[in-house]
Amino acid sequence: MKEEKKGVDRRPKKDLNKEMTRDFTLNLKKRLYKIQFKKRGKRAINEIRRFAQKQMWTRDVRIDTELNHYVWKNGIRNVPDKVRIRVSKKKNQDEDATEPFFCLVQHVDVEDFSGLRTENAKA
């Protein structure tokens, strides 16, 4: 058997302290499965917020108004099945901020979701 050193990780370390921008496609249909109709709109926004926190390692997530309108345009019950979002991690300029970075989540308008993958956005 091949011996490996304990505590040594072969993967390169992520640099979490840099600004970045990525495009994602979120399947809201599977995240809202078995959720009560009158709670779907708010839950969709919370799931987008939770996804951005997990991907960008920040707790301060700000949802753009255009994305909010897109999620709520058909009412509280009929949330869109998929949404294309752009998540930007930026430095926090506020002096009394608890987090050094914040995330801005924006809506990316696409006609068709087929063939779209996660990609670094051209900023």
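How many helices and how many strands does the chain have? The chain has three helices and five strands, where helices (H or I, at least four residues) and strands (E, at least two) are DSSP runs, numbered from the N terminus. Read along the sequence, these elements follow the pattern β-α-α-β-α-β-β-β.

This is a predicted model, in which local features need pLDDT of at least 70 and side-chain atom pairs count only at pLDDT 80 or more, while totals for chains, interfaces and linings use all residues. Residues are numbered from 1 along each chain as its sequence is written, and side-chain values use heavy atoms, with hydrogens and water left out.

The pLDDT, which is the predictor's confidence in each residue on a scale from 0 to 100, averages 90 over the chain, and 88% of the residues score at least 70. Confidence is highest in helix H3 (residues 65-72), at a mean of 97, and lowest in E5, at 86.

Strand E1 (residues 20-27) has two partners in the table below, and two strands are said to pair if DSSP finds at least two bridges between them.

| Partner of E1 | Sense | Bridges |
|---|---|---|
| E3 (residues 82-91) | antiparallel | eight bridges |
| E5 (residues 119-120) | antiparallel | two bridges |

Within these pairings, methionine 20 stands opposite lysine 89 in E3, whereas aspartate 23 has glutamate 119 in E5 as its bridge partner.

Of the 123 residues of the chain, 31% count as buried, meaning under 20% relative accessible area with a 1.4 Å probe, protein chains only (exposed is over 50%, partly exposed in between).
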